[in-house]
Amino acid sequence: VVSIDGTGDAITKPSASWNVLRAESQDGGQTTASWWLIAGAAEPGTYTASWTGNENFVGGIVRISGADTANPINVSASSTGTGNPVAPAVTPTLDETRIIRFCGIDDAGQGDNFQADGPDTVLWARRSGGGPNSVSQSLAHKTQPTAGNTAIGTWTIGGGEGWYAATIAIAPKPPVEAPVFY
């Protein structure tokens with residue numbers, strides 16, 4: 001997930017092997033892009049996304065194990081707005097999904113005073129830059145034991161900044177069926 005300050009510059013994914021997770025959002029003074037990859041045995045130590053211009057940026061990679069490698073994304077949704085970011089509810093069709101929520105915030109003076117609300121575990125809440133040229137991003141997760149509605153996820157930012165937020169339900173690895181002997 002990469003968020004940059006400003007709109008108008010497309011963010012290029014690290015390589016052709018990465019898949020678009022949610023369509024890039026250029027809204028509310030920030031641009032956020034997200035991708036996914038089924039990692040191989042020999043992944044590099046770093047990846048580089050790129051864009052034209054010199055906007056401040058925040059980004060991160062999450063390693064998830066135990067996901068369905070054939071169909072890892074069960075369901076996803078996104079939203080945009082101003083004020084406190086709200087990641088939309090989704091309705092996973094599988095038990096034991098990993099719910100990932102993230103937001104990119106145009107941070108004109110916002111600072112680091114934002115937090116994810118509710119039961120999600122925050123993996124990061126970061127800010128890059130300062131003043132009107134900064135951007136913030138947060139990513140949180142939780143496990144949803146049963147299929148059904150996740151409810152919304154929110155962040156309290158204490159300001160009226162523009163944002164983009166998404167909720168992704170990661171499908172668990174299918175169970176291995178025991179052999180049947182006749």
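A salt bridge is taken here as a side-chain nitrogen of Lys or Arg within 4 Å of a carboxyl oxygen of Asp or Glu. The structure is a predicted model, in which local features need pLDDT of at least 70 and side-chain atom pairs count only at pLDDT 80 or more, while totals for chains, interfaces and linings use all residues. Residues are numbered from 1 along each chain as its sequence is written, and side-chain values use heavy atoms, with hydrogens and water left out.

The pLDDT, the predictor's confidence in each residue on a scale from 0 to 100, has a mean of 84 for the protein, and 93% of the residues reach 70 or more. Strands are DSSP runs (E, at least two residues) numbered from the N terminus.

The salt-bridge count comes to 1. This bridge joins Arg101 to Asp120, with the closest N and O atoms 2.7 Å apart. Because Arg101 lies in strand β7 and Asp120 in the loop between β8 and β9 (121–128), the pair ties together parts that are 19 residues apart in sequence. Relative accessible area was classed as buried under 20%, exposed over 50% and partly exposed in between (1.4 Å probe, protein chains only). Arg101 is buried at 1%, and Asp120 is also buried, at 11%.

Aromatic pairs were assigned to rings of Phe, Tyr and Trp (its six-membered ring) with centres within 6.5 Å; planes under 30 degrees apart count as stacked, over 60 as edge-to-face and the rest as tilted. The whole structure contains 3 such pairs. One of them, Trp18 with Tyr47, is edge-to-face, at 4.9 Å centre to centre and 80° between the planes. Trp18 is in the loop between β1 (2–5) and β2 (19–27) and Tyr47 in the loop between β3 and β4, so this pair ties together parts 29 residues apart in sequence. Trp18 is buried at 8% relative accessibility, whereas Tyr47 is partly exposed at 28%. Trp51 and Phe57 also form an edge-to-face pair, with 5.3 Å between centres and 65° between planes; Phe57 is partly exposed, at 46%.

Open space was examined on a 1 Å grid over the protein atoms alone, a pocket being an open set of points where a 1.4 Å probe fits, with protein on both sides within 12 Å along at least five of seven lines; lining residues have an atom within 4 Å of a point. Points are joined across faces, edges and corners, and a volume is the space filled by probe spheres set on them. The largest pocket holds about 940 Å³. Of its 32 lining residues, Trp18, Trp36, Leu37, Ile61 and Val62 are the closest to the centre. Two or more lining residues come from each of β3 (30–36), β4 (57–59), β7 (97–106) and β12 (162–170).

The second largest pocket has a volume of about 200 Å³ and is lined by 16 residues, with Ile64, Ser65, Glu96, Arg98 and Thr143 nearest its centre. Strand β7 gives the most to this lining, with 3 residues. Glu96 is placed in the loop between β6 (86–87) and β7. The phi of Glu96 is near 60°, a positive value in a residue other than glycine, and Glu96 is partly exposed, at 45%.

Note on methods
Helix = DSSP H or I, 4+ residues; strand = E, 2+ residues; numbered from the N terminus.
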